Amino acid sequence: IEKIVLFLLEQQGQLANRLCDLRQQHDVILQLSNGDSKICELQEAYRGVGHDLLRLLFFVEMNAIGLRKILKKFDKRFGYRFTNYYVKTRANHPYSQLRQVFRHVGIGAVVGAISRNLADLQDHQGNYVSIYDQPALSHPDPIVHSIKAAVNKLSNSTNFLEFLGKHAFIMQDDLRSPSEDDVAEQRYHFMSLLLNLVNTFLYMVNTYIIVPTADDYSLSLGAAATVCGVVIGSMAVAQVFSSVYFSAWSNRSYLRPLVFSSIVLLIGNTLYALAYDLNSIVVLLVGRLFCGLGSARAVNRRYISDCVPHKLRMRASAGFVSASALGMACGPALACLFQTDFKIYKLTFNQETLPGWIMAISWLIYLLWLSISFREPPQEIKQDIIPQEVRAGTVVNYAVENGITQPLLLNTEPKQGENGDQEYDDGEEESCEKTRKPVTSIVSAYRLLTPSVKVQLLVYFMLKYAMEILLAEASVITAYYFIWSTNSVAIFLACLGLTVLPVNIIVGTYISNMFEERQVLLASEIMVLIGILLSFHIGIPYSVPQYVGSALITFVSAEVLEGVNLSLLSRVMSSRLSRGTYNGGLLSTEAGTLARVIADGTITLSGYFGVAKLLNATLVPSLFICISSIIATCFTYNSLY
């Protein structure tokens, strides 16, 4: 650590000297009447200092990761939380050299000098903009954006935008080269990104718009009310398979999968609406299966991951989560507006069929908009060149992913080539290639899952199972115990959906800055368990306050848990799962979708015991899975960072 810190201070001093020299040139050039060509050269010189600073940050980050992994291995071998003691005794000590690594006062001063001088040179023709007085009017250079992103990543600062972005679980390749960022810039198109977010919003509306009326629709077609579990869950069943082929399809195209998705959803919603007049539960289920086959969320995630520049990706990820949350709230809310009953020719339009007709029209309009405005990104050209600073970080990352049996540190020092260039040996080159190569099968992806990742996926399964049980059976439970109307159920579900963004704001802005994410994870799991326990109907008459209170505790805690869980997953999951068909986003989607399928099946099977026993019968599996996930989290608690 001492060697790292002294080298860091030495390099900062050299950068400071270069900036002093450039400032003297800057003052001279501003006095010249025809110094435009010199100004361009000076701007490039400042950018050169910025690139060297970025390289220095890569060096510090690589060593910080190495230190953290070494401490984790000591924790495992000692069976004692050595890391807690080490960090606590050194983080705030006045002579601690760790403070130099994690508190970037000197680096901040260098960044300020670079950005201020670049802004002065950019607006040198009589239009001066101060980065202090009017920061919104200045136009920071791209190199300044890159440096700030590297500093934020190194200090692990958290805010609401970053929290939402991690909530989306759009896997990011932390070691992207500049050439890859240039490719993303070329592939980016704002309207295409907007169309992906609209697709996300409409699909979530499509998922939840039928929940308040699914039981009534089942009864109208001669089935039991609890068949609503199959009606709702059939969409999730199809989504298990559609996520895979859409993820594979997005390797070659983005437009064609979205067009196919829109057409399939148009057909599925039309069949769902026609089932009433055909008096066929089979047509109803086939319509919902078609809707599930049109799930393009894997394409939406891949577009943001591959086609949005790094500086905009966190905002796009936050937009993805916000669109999903808004769709989840709007779906049940729209069901309140369909309290009508009329016929046109032989087609019936009522509260049960109107969700299908409205969504079919929505997907038709979306399909037309998509055909006109979406721009297919150019095919990505693979780059084999890895920058020196990135290569070093990749080697360390490879060592981390190979587990405890590997040496604590790898020899990443370059060898001197014949022409004086730095070279890495063949083993390191192969390591770099291996860490960057995406997995090609679900089996390979599974082999990369460490115990902590598997536990995180179990937690994700648990929270999705608990939420689906709560939402899918709400109309049946409330009708049986409280005789709620469709309007009341729809308003209740919409209010639950509206809690998503406020809860994420609180967690992302405050809670995640006050507590470790693993602490929030465990506390949220316990709160979900409390919510499930309070939901049981035992002895005393079941009341509205008990149901609404327990539902609110379960749902809000599950939302907090989902955000923290996916944030942790994005850290502990292998970098090889950041791209390709079988990426981390697909694995988490499959875990959540499988949970919804099993939950909806549980509701239908429990219906055979009668509606009176439905509530407790569906809560028992939730309770068992929740307790199992808490136990598993406790066993892997020390490995969650």
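The chain contains 27 helices and four strands, where helices (H or I, at least four residues) and strands (E, at least two) are DSSP runs numbered from the N terminus. The model is predicted: local features need pLDDT of at least 70 and side-chain atom pairs count only at pLDDT 80 or more, while totals for chains, interfaces and linings use all residues. Residues are numbered from 1 along each chain as its sequence is written, and side-chain values use heavy atoms, with hydrogens and water left out.

Of the 641 residues in the chain, 53% are buried; buried means under 20% relative accessible area, exposed over 50%, and partly exposed in between (1.4 Å probe, protein chains only). The accessible surface of the chain amounts to about 29100 Å², and carbon and sulfur atoms account for 62% of that surface. Such areas come from the Shrake-Rupley method with a 1.4 Å probe, and for residues only the protein chains shown count as cover. When contacts between residues at least 6 apart in sequence are considered, 83% join residues at least 24 apart, a contact being heavy atoms within 4.5 Å.

The interior can be described through its nonpolar cores, each a set of buried Ala, Val, Leu, Ile, Met, Phe, Trp, Tyr and Cys residues joined through side-chain atoms within 4.5 Å. The largest nonpolar core has 118 residues, and the members that touch the most others are M328, Y366, L493, I532, Y547 and F555. Helix α20 provides the largest share of this core, with 15 residues. Leaving aside residues up to four places away in sequence, F555 touches M328, M467, L470, L471, L496, G497, T499 and V500. A second, separate core of 25 residues includes L56, L57, F58 and V60.

Helix α22 (residues 486-498) has 13 residues, which at 1.5 Å a residue should span 18 Å; its end C-alpha atoms are 18 Å apart, in agreement with that expectation. The expected span is 1.5 Å times one less than the number of residues in the helix. The buried residues of α22 include L493, L496 and G497. L493 is among the residues that touch the most other members of the largest core, whereas L496 and G497 are touched by F555.

Charged pairs form another set of links. Side chains of opposite charge can pair when their charged atoms come close. The whole structure holds five salt bridges, each defined as a side-chain nitrogen of Lys or Arg within 4 Å of a carboxyl oxygen of Asp or Glu. One of them joins D52 and R18 at 2.6 Å, N to O. This pair links distant parts of the chain, with D52 in helix α2 (residues 36-78) and R18 in helix α1 (residues 2-30), 34 residues apart. D52 is partly exposed at 29% relative accessible area, and R18 is partly exposed at 33%.

R47 and E44 form another salt bridge, with their closest N and O atoms 2.7 Å apart. Because R47 and E44 are three residues apart in helix α2, about one helical turn separates them. R47 is partly exposed, at 22% relative accessibility.

In the salt bridge between E468 and R596, the closest N and O atoms are 3.5 Å apart. E468 lies in helix α20 (residues 451-472) and R596 in helix α26 (residues 584-606), so the pair ties together parts that are 128 residues apart in sequence. E468 is buried, with a relative accessible area of 4%, and R596 is buried at 11%.

On the surface, I506, Y510, M514 and F515 form a nonpolar patch with about 460 Å² of accessible area together. Patches are made of residues with over 30% relative accessible area and no salt bridge, like charges being joined within 9 Å and nonpolar side chains (Val, Leu, Ile, Met, Phe, Trp, Tyr) within 5 Å. M514 belongs to helix α23 (residues 500-514) and is exposed, with a relative accessible area of 59%.
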